[in-house]
Amino acid sequence: MTAGYTGLGDWTPEALGVPGRVRPVVSAPEPVLSRPGPEVDPTCEEVVQLAADLVATMRVSPGCVGLAAPQVGVSAQVFAVDVTDHPKAVTVHGTFVLCNARVVEATRWKAGREGCMSVPDLTGDVKRASRLVVEGALPGSGAPVRLVTDGFEARALQHEIDHCAGLLFLDRVAGAHAIYQRKVYL
Amino acid sequence: MSELAITVIGRDRPGIVADVAEVLAGLGANLTDSTMTRLRGHFAMTLVCVGPAAAEVEAALAPLAADGRLLATVRAVTPDGATAPAGEPYVLAVHGADRLGIVAAMTRVLADAGGNVTDLSTRLTGSLYVVVAEVELPAGSSDAVAGRLARTAAELGVGVSLRPADSDLL
């Protein structure tokens with residue numbers, strides 16, 4: 001483990017100390033979704049507000065298990081994830097926000113069908129690691145965090161880290177017949 | 001026996017596949033490789049089959065097309081025609097605001113590099129245009145091709161990615 005990294009501890013969005021505001025979610029082909037976001041200073045006031053806003057926007061969006069800054073029009077490496085109570089999730093870390101997150105270990109690749117709030121009409125088959133180690137920083141304190149997770153939460157994390165790098169699930173689909181018109185809207 | 005390339009396209013409705021396949025079976029035309037799919041409300045069939053002369057198949061399909069709802073074509077093709085040498089398999093994905101010439105420009109980059117598109121599909125949903133192509137590239141050319149694709153994509157204002165396709169495990 002990289003020195004100084006710990007788990008989430010008892011972190012909750014309340015630790016941000018500011019109320020979140022719901023922001024509009026942008027859809028492809030909005031250019032911000034295809035632009036790699038810069039790293040951020042996790043202690044900066046603007047980033048803390050963005051973190052709270054991502055959580056608030058995720059919570060009002062039905063079926064949403066993750067939301068990245070580019071999806072609310074901000075090119076930055078910040079995202080929120082919450083797979084709590086999702087029937088497919090095994091390991092669950094609750095609601096959390098990470099800044100400047102990167103994948104440090106990815107194994108046991110499995111295909112699965114993904115959608116995205118920013119690509120509302122399509123889904124696609126994407127291979128993701130089902131065992132994952134991610135390192136990043138908590139907004140507010142800037143504390144370094146290392147998360148070990150699997151399955152559904154691992155998939156959500158990789159999807160959001162991709163957003164921060166300017167990538168959509170469309171960039172990772174398995175082949176010419178691996179994109180589908182969405183039949184069920186959450 | 002001749003190898004035939006057949007296309008059928010028309011406004012989608014239940015029974016198109018059954019109607020066409022029934023005619024072909026009745027003539028003793030054996031369906032080999034095919035794709036049949038719905039494209040924006042039209043049903044499109046492209047099939048290769050082995051059977052009687054093209055004219056006979058065309059005549060048998062004519063009643064299906066008589067009301068103008070289906071368009072069918074039949075052509076004799078050379079069996080087992082020369083196939084391009086297999087390259088390294090990649091998946092190309094392009095997405096962005098719809099505009100004229102995205103497929104033309106991106107596939108020209110592939111063609112100029114000796115890349116062979118083996119499967120391609122496009123989707124327009126709202127203003128989002130998505131292209132996904134499976135392509136075989138000459139060995140060792142992928143980095144250079146990816147660079148040229150990125151430059152062409154930037155000119156078009158679209159995003160592009162080129163990734164190795166999954167290989168067969170067993």
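Trainee: In what order do the strands of the open sheet of four strands in chain B lie?
Mentor: This is a predicted model, where local features need pLDDT of at least 70 and side-chain atom pairs count only at pLDDT 80 or more, while totals for chains, interfaces and linings use all residues. Residues are numbered from 1 along each chain as its sequence is written, chains are lettered from A and ligands numbered from 1 in the order in which they are written. Strands are DSSP runs (E, at least two residues) and helices are too (H or I, at least four), numbered from the N terminus, and two strands pair if DSSP finds at least two bridges between them. The pairing here is antiparallel, and the order is β2-β3-β1-β4.

Trainee: Which are the edge strands?
Mentor: Look for strands that pair on one side only. In chain B these are β2 (30–39) and β4 (70–77).

Trainee: What does the twist average from one strand to the next?
Mentor: Angles run from 0 to 180 degrees between N-to-C directions, with axes fitted to C-alpha atoms, for helices over the stretch in contact. From one strand to the next, the twist averages 10 degrees.

Trainee: What angle does helix α1 of chain B make with β3(B)?
Mentor: Helix α1 (residues 16–26) packs on the sheet and touches β1, β2 and β3 of chain B. Contact means that the C-beta atoms of two residues, placed from the backbone, lie within 7 Å. The direction of α1 makes with that of β3(B) an angle of about 15 degrees.

Trainee: And at what angle does helix α2 of chain B run to β4(B)?
Mentor: Helix α2 (residues 54–65) lies across β1, β3 and β4 of chain B. To β4(B), α2 runs at about 175 degrees.

Trainee: Which residue in β3(B) stands opposite B:Glu3?
Mentor: Strand β1 (residues 2–11) and strand β3 (residues 42–51) of chain B run antiparallel, joined by ten bridges. Opposite B:Glu3 stands B:Val50.

Trainee: How do the residues on the side of chain B that touches chain A divide?
Mentor: There, 21 residues of chain B are in contact with 15 residues of chain A. Elements giving two or more residues to this side of chain B are β5 (88–97), β6 (116–125), β7 (128–137) and β8 (158–164). Ala, Val, Leu, Ile, Met, Phe, Trp, Tyr, Cys and Pro count as nonpolar, Asp, Glu, Lys and Arg as charged, and the others, Gly among them, as polar. The residues divide into nine nonpolar, eight polar and four charged.

Trainee: How many Å apart are the C-alpha centres of domain 1 and domain 2 of chain B?
Mentor: Domain 1 covers 2–77 and domain 2 covers 88–164, with bounds from an automatic or database domain assignment. Their C-alpha centres lie apart by 31 Å.
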